[in-house]
Amino acid sequence: MSATTTAKMAPIEMFLRDSDATDSLARALAATQPAHASVYLRGDLGAGKSTLARAWLRTLGVTGAVRSPTYTLVERYDTSRGEALHLDLYRIGDAGELEFLGLDDSDAALWLVEWPERGQGGLPPPDLRVELAVQGTGRSARLLPGSPAGETWLARLSEFWWVAGLS
Ligand SMILES: Nc1ncnc2c1ncn2[C@@H]1O[C@H](COP(=O)(O)OP(=O)(O)OP(=O)(O)O)[C@@H](O)[C@H]1O
Ligand SMILES: [Mg+2]
């Protein structure tokens, strides 16, 4: 084992009792996000992925409609942090279809990707994975860093969360 090995950060887990709590998480993530971030939103149908993405985009100043990209696969937004892409790959045939969306050269500040497992190989690797699951009448959320930037982000998020008095 090398002397430079660092401990892996434990995932952050929380219970979101209603959709307002999902919105609060989105606002905290938006407030602490790095300049460029790729975020994979994972969870079954109805787990709250779009709810989180919509509140996140609104926090970044998007005032018009936030449409679900279920059929278009991607929606693009101008935000206070630069371009944001919201993808929903549920209906993609195979990851090769991503090429036709012309995202390769995108220098987007934020990627919010629903059903990322269907776009494997055609997406930027995640800085953050958000795993959502139905739990009773609410949702459980698990946040896992995917990169060093993601680790710093989650550390900042914990601090923000604590200072803002959220739980
Ligand atoms: N924490 C929560 N507690 C209870 N309900 C929630 C919570 N977060 C979101 N919801 C509700 O869950 C429903 C489904 O949410 P949403 O459309 O965001 O799911 P999704 O994961 O994007 O689903 P899909 O895979 O079909 O796109 C919405 O009615 C939303 O208000
Ligand atoms: Mg959705």
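Trainee: Which elements do the buried residues of α2 pack against?

Mentor: This is a predicted model: local features need pLDDT of at least 70, side-chain atom pairs count only at pLDDT 80 or more, and totals for chains, interfaces and linings use all residues. A residue is buried if 20 or more other C-beta atoms, placed from the backbone, lie within 10 Å of its own, exposed if 12 or fewer, and partly exposed in between. Contact needs C-beta atoms, placed from the backbone, within 7 Å. The buried residues of α2 pack against α1, β2 (37–42), β3, β4 (82–88), β5 and β6.

Trainee: How many residues of α2 are buried?

Mentor: Residues are numbered from 1 along each chain as its sequence is written, while chains are lettered from A and ligands numbered from 1 in the order in which they are written. The buried residues of α2 include Lys49, Arg54 and Trp56. Just after α2, Gly61 has a positive phi of about 95°. α2 is mostly covered; of its eleven residues, the buried count is nine.

Trainee: What pattern does the protein follow along the sequence?

Mentor: Helices (H or I, at least four residues) and strands (E, at least two) are DSSP runs, numbered from the N terminus. The protein has three helices and seven strands. Read in order, the pattern is β-α-β-α-β-β-β-β-β-α.

Trainee: What is the radius of gyration of the protein?

Mentor: The rule is 2.2 Å times the number of residues to the power 0.38, and the radius is taken over C-alpha atoms. For 167 residues the globule rule gives 15 Å, and the model is close to that, so it is as compact as a globular protein of that length. The C-alpha trace spans about 45 × 40 × 30 Å along its principal axes. The radius of gyration is 16 Å.

Trainee: Which residues come nearest to ligand 1?

Mentor: Near means a C-beta atom, placed from the backbone, within 6 Å of the molecule. α1 (19–32), α2 (49–59) and β7 (138–145) each give at least two residues to the shell. Of the 16 residues around ligand 1, those that come nearest are Leu16, Gly48, Lys49, Ser50 and Thr51.

Trainee: How many polar residues has the shell around ligand 1?

Mentor: Ala, Val, Leu, Ile, Met, Phe, Trp, Tyr, Cys and Pro count as nonpolar, Asp, Glu, Lys and Arg as charged, and the others, Gly among them, as polar. The shell has four nonpolar and four charged residues. Its polar count is eight.

Trainee: Within what arc do the buried residues of α1 fall?

Mentor: The buried residues of α1 are Thr22, Leu25, Ala26, Leu29 and Ala30. They line one face of the helix, because the directions from the axis to their C-beta atoms fall within an arc of 135°.

Trainee: What covers the buried residues of α1?

Mentor: Helix span first: 1.5 Å times one less than the number of residues is expected. For the 14 residues of α1 that gives 20 Å, and the end C-alpha atoms are 20 Å apart, which agrees. The cover over its buried residues includes β1 (12–16), α2, β7 and α3 (148–163).

Trainee: Which exposed residues does the face of α3 turned away from its buried side carry?

Mentor: In α3, Gly150, Trp153 and Leu154 are buried. They cover an arc of only 100° around the axis, which puts them on the same side of α3. They pack against β1, α1, β6 and β7. The face turned away carries Pro148, Glu159, Trp162 and Val163.

Trainee: How far apart in space are Ile12 and Leu143, C-alpha to C-alpha?

Mentor: Ile12 lies in β1. With 17 other C-beta atoms within 10 Å, Ile12 is partly exposed. Beyond four places in sequence, Ile12 touches Leu143, Leu154 and Ser158. Ile12 and Leu143 are 131 residues apart in sequence, yet their C-alpha separation is 5.0 Å.

Trainee: What is the positive phi of Trp115?

Mentor: Most residues other than glycine have a negative phi. Trp115 sits in the loop between β5 (110–114) and β6 (128–135). Trp115 is buried, because 20 other C-beta atoms lie within 10 Å. Though not a glycine, Trp115 has a positive phi of about 55°.

Trainee: Where is Leu73 found?

Mentor: Phi of Leu73 is near 70°, positive in a residue other than glycine. Leu73 counts as buried, with 20 C-beta neighbours inside 10 Å. Leu73 is in the loop between α2 and β3 (74–79).

Note on methods. Two residues are in contact if their C-beta atoms, placed from the backbone, lie within 7 Å.
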